[in-house]
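Dear colleague,

I am handing over the structure we spoke about, and below it you will find a short account of what was found in it. Please read the account with the structure open beside you.

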Amino acid sequence: LLIPVIIRMAVFPFHFLFPDVVEGAPTTVSTYLAIVPIIAGVSIALKLCLNLFSVKAEFSWIHMPAFEWPTLVALLSVITMTIGNLCALSQIKLKRLLAYSTLAQVGYLFMGLAVSNHLGVGAVLFSLTIFCMITAGTFFIAQQAMDSQKTDSISALKGLVWKHPFAGVV
């Protein structure tokens, strides 16, 4: 039950197809794929981990004795963040860079889940909200830059703050 959720969210070890899909799809579809499955996946992961694998205590959750899921979630989170950030360093295509950045953000979201208390869940929900707005805006600005420069490389962002100040600041 947890494996389809992890596949949809592009968490390690199922991260390798996500940049190819984002790069090959039109930008509107890429934006959708970078936001909606991650919202659904994080929501399902929260529900599963906190309601199925734990018992609610006063200020946190008591984990099942045989299954220490916060350790597994923290490990997946660290690996996903590391792979996302390290692979983003060598990208020359703008949409692939954004895809690897999205992978790293999913790792950051999972860190809040690994905390497994009310503060962690609140942090995940707040971060998920900000993630959605920033990702949608970033893909929109990237599409505008790629269309105006007629290229899909990172060089499309060169001088963006001087040509389009609002988009460059965003």
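The accessible surface of the chain comes to about 9,300 Å², and 73% of that area belongs to carbon and sulfur atoms. Please keep in mind that this is a predicted model. Of the 170 residues of the chain, 41% count as buried.

As for the overall fold, the chain has eight helices and two strands, and their order along the sequence follows the pattern α-α-α-β-β-α-α-α-α-α. If we take the contacts between residues at least 6 apart in sequence, 69% of them join residues at least 24 apart.

How do α3 and α6 lie against each other, and at what angle do their axes cross? The two axes come within 9 Å and cross at roughly 170 degrees; since an angle over 145 degrees counts as roughly antiparallel, α3 and α6 are therefore roughly antiparallel to each other. Among the residues that make this contact are I38, V42 and L46 of α3 and L128, F131 and F139 of α6. By class, the contact of α3 with α6 has 16 nonpolar, five polar and no charged residues.

Definitions and conventions: Residues are numbered from 1 along each chain as its sequence is written. This is a predicted model: local features need pLDDT of at least 70, side-chain atom pairs count only at pLDDT 80 or more; totals for chains, interfaces and linings use all residues. Side-chain values use heavy atoms; hydrogens and water are left out. Helices (H or I, at least four residues) and strands (E, at least two) are DSSP runs, numbered from the N terminus. Buried means under 20% relative accessible area, exposed over 50%, partly exposed in between (1.4 Å probe, protein chains only). Contact means heavy atoms within 4.5 Å. Accessible areas come from the Shrake-Rupley method with a 1.4 Å probe; for residues, only the protein chains shown count as cover. Axes are lines fitted to C-alpha atoms, for helices over the stretch in contact, and angles run from 0 to 180 degrees between N-to-C directions. Angles under 35 degrees count as roughly parallel, over 145 as roughly antiparallel, 65 to 115 as roughly perpendicular and the rest as oblique. Ala, Val, Leu, Ile, Met, Phe, Trp, Tyr, Cys and Pro count as nonpolar, Asp, Glu, Lys and Arg as charged, and the others, Gly among them, as polar.
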